[in-house]
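Please look at the sequence and the model before reading on.

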Amino acid sequence: MNVTFTDDELAFREEVRAFFQDKSFDEVRDKQLSGIPLKKDDYIQYQKRLNEQGWAGVNWPTEYGGTGWSAVQKYIFMTEAAKAHAPEIIAFGLNMVGPVIYTFGNDEQKQRFLPDILESNVWWCQGYSEPGAGSDLASLKTRADLAGDHYIVNGTKTWTTLGQHADWIFLLARTNRDVARRQEGISFMLADMNTPGISVKPIITLDGEHEVNEIHFEDVKISVDNLIGEEGKGWTYGKLLLQHERTNIAGAARSDVRLKRIRTQASESIRGAVPLAEDNNFMRKIAALEVELKALEYTQLRTLAAVASGKAPGPESSILKIKGTEIQQEIDTLHMEAAAYYALPFVQDQYVADYSGEHVGAGAETQTSLRYFNFRKASIYGGSNEIQKNIIAKHVLGL
Amino acid sequence: MDFSLNEIQTMLADSIEKFIENDYDFESRQKYSDSDAGYSTDVWQTFAELGWTAVPFSEEDGGFDGGPVDVMVVMERFGRGLVVEPYLANIMLTGGILKRVATPEQKERWLQPMIAGELQTALAFLEPQARYDLANVATSASADGDAWILNGSKGYVLNGRNAALIVVPARTSGEQTDQDGITLFAVDASADGVSITDYATIDGQQAAEVHFKDVQVDAAAVLGDIGSGFAAFDAAVDDATLAVCSEAVGIMHILRDKTVEYSKNRMQFGVPIGSFQALQHRMVDMLTDCEQSQSLLMWAAMLNAEDSPDAKRAISSIKYQVGISGRKVGEEAVQIHGGMGVTWELDIAHYFKRLTAIGQIFGNADWHLDKLAA
């Protein structure tokens, strides 16, 4: 039993560290650290940079231009990216639809879509949830009726993250309503967001941000060439997508960086106040979270080690999403508690690079509450944590 | 990166599991616990014959050359079997002191017979006023020519009922809570001036209050250097802490398994109670607590095995986690077993009580969280 990396893995870690230390990351890192929200271009630039290095397809096999990395290498990459305050990879293209296309798509589709995903030339968004289908995704109502060489799609998709930037959407739609099980008769298809009949309506979330959208489909024509795999099998493909990245969803590396930051900040005096480190209650909360996070990190490592040795992930893997998001949210709470009154000013306009007015609050203090509000989503998305518990009860505990 | 057990550890695990399954069912355990000694001398002899009492000692000392990971393997399985034999008192506590500071002559006199299963021992690690502070030692030892005279009291001396040898940390200099000035003495339990009041503990084990009144100890019974016994004392208790955490994780896994199984068979309202979502989610939480604890345990055992400077912090982390999670898993197991969960008859309650006891010793969750917060 050991947690040491091999020489090759250590060399790889050095390579990744060196990559992220490059000056070209300074600007985006500074933005991250000073709370300036990243724009579409920041993400695209970052992902293009990764692609130049051959590292955009973190989870992809080499035959499709991916890294072909081992589970341990992926873990090292995620950890170093977090430490370097690199942006998160926007998942929809690279981590979601890409793997579905190279796993279930035909050759023509692979050639047509995969290069643009790797190069981040096309921004993808996800059309899964509907106003009436959240956790109960199989109850989706969006219908796709076959008419010759295309489908006519009608319905509404919702919670579409960053859909306002999207060039393409992948969606689940019902192609057959006469089925024994609701999971049957659902198909996985791709649509150009410029197709007539598609409209995007912003949803403003409780932090005042425009991050998610409602997407309406009104008699939208989607060519049968854009159907992935077999008609009616979309549920299976969609599930693969949700299971993908199971080990990375915990976000342990990002949480670790944020928690270490709180410890450092707690030791400093802000506005001449007594440092929070003097407050034993607060420090106990940090310590308790550090323990939970260390446990999560090792639960994730156990999963990786199982995968690396060719075994299926054990029951430990199923708790990653639940525990990971709970910890993220607890860290958000600590940041907000640390800011006290200065969690309250609602002054998002000041978080721009060239802001010339009075900066309210120290650093990104006033964003702590907004992050707290925004990340209530973490225990809801990707299958709410309660749904995760249902899945674990059924598939792990056999209940 | 590898979390699997090596060949020797796998064999050790298998042999203990087989023993528990074939020779140590719950009824036997209860019988041993209720016996005069509070454990089975035959079983203890078997442990010695199979080499399990030799695990954490060097080959030179007649041991198996095992480390914290091997001890983890043993103790997790002892947890599953709810073993009452005094492994913690002898092997981890007294053994942990003797292997660190005893001279070859002292090892021959005490350590080897202990490993062979022929000598019962105890470490008097607690003073009644000390709560969890090991350095809080008021028991005094004053020089009297070549000998020493001990006066004071120790509480919760595990295996105090059976111990022929009691290792006693006593103050030879300094203030009551100084780490410096503590000396370790090997005291014959039958010596004049030693009085022992033994009792059963809530978890089916036994301990004693031990009083020393002008007890004379000769120089050959001093373990290690005068006044600097704390380091070995502290290290032995750290190893023992990790050992009981391993035991607790073993218990948590079995409580979860038994609870899930019970919920599949227990019918109410015409259906198995395991079909109720309110209970399903609670059992998923039990699983989460088990796996998170397991992960931390492995981390702490590995750090301790490589003598990492972070090992102490890791041990505090797992002891805190086991304090919180052990209580939760134990309480939930009882709750989901319903009325049966609160009976003496079912093993569930006894696993729960052992978990509770583990939560109370070597620093509770609060104590360790304070260390981590600092």
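Which domains does the domain assignment of chain B give? The assignment lists domain 1 (7–119), domain 2 (122–228) and domain 3 (231–373), with bounds that come from an automatic or database domain assignment.

## Basis of the report

The model is predicted: local features need pLDDT of at least 70, side-chain atom pairs count only at pLDDT 80 or more, and totals for chains, interfaces and linings use all residues. Residues are numbered from 1 along each chain as its sequence is written, while chains are lettered from A and ligands numbered from 1 in the order in which they are written.

## Domains 1 and 3 of chain B

The centres of domain 1 and domain 3 of chain B, taken over C-alpha atoms, are separated by 22 Å. In the contact between them, 20 residues of domain 1 of chain B meet 25 residues of domain 3 of chain B; two residues are in contact if their C-beta atoms, placed from the backbone, lie within 7 Å.

On the domain 1 side, H4 and H5 of chain B each supply at least two residues. Helices (H or I, at least four residues) and strands (E, at least two) are DSSP runs, numbered from the N terminus. H4(B) gives the most to this side, with 10 residues. By class, the side of domain 1 of chain B that touches domain 3 of chain B has 13 nonpolar, three polar and four charged residues. Here Ala, Val, Leu, Ile, Met, Phe, Trp, Tyr, Cys and Pro count as nonpolar, Asp, Glu, Lys and Arg as charged, and the others, Gly among them, as polar.

## Helix packing in chain B

Helix H4 (residues 68–81) of chain B packs with H8(B) at an angle of about 140°, and their axes are 8 Å apart. Axes are lines fitted to C-alpha atoms, for helices over the stretch in contact, and angles run from 0 to 180 degrees between N-to-C directions. Pro68(B), Val69(B) and Met72(B) of H4(B) meet Leu297(B), Ala301(B), Met302(B), Asn304(B) and Ala305(B) of H8(B). This contact comprises seven nonpolar, one polar and no charged residues.

A second pair is formed by helix H5 (residues 87–101) and helix H6 (residues 104–115) of chain B, at an angle of about 160° and with axes 10 Å apart. H5(B) is therefore roughly antiparallel to H6(B), a term for angles over 145 degrees. The contact includes Thr94(B) and Leu98(B) of H5(B), and Trp110(B) and Met114(B) of H6(B). Its residues divide into four nonpolar, four polar and two charged.

## Contact between the chains

How many residues does each chain give to the contact between chain B and chain A? Chain B gives 29 residues and chain A gives 32 residues. On the side of chain B, the elements that give two or more residues are helix H7 (230–265), helix H8 (277–305), helix H9 (311–336) and helix H11 (365–373). H8(B) provides the largest share, 13 residues. The side of chain B that touches chain A has 16 nonpolar, 10 polar and three charged residues.

## Domains of chain A

For chain A, the assignment gives domain 1 (7–89), domain 2 (124–232) and domain 3 (252–395). The centres of domain 1 and domain 3 of chain A, taken over C-alpha atoms, lie 21 Å apart, and each of these two domains gives 12 residues to their contact. Helix H4 (residues 71–83) of chain A gives the most to the domain 1 side, with seven residues.

How values were computed. Parallel < 35°, antiparallel > 145°, perpendicular 65-115°, else oblique.
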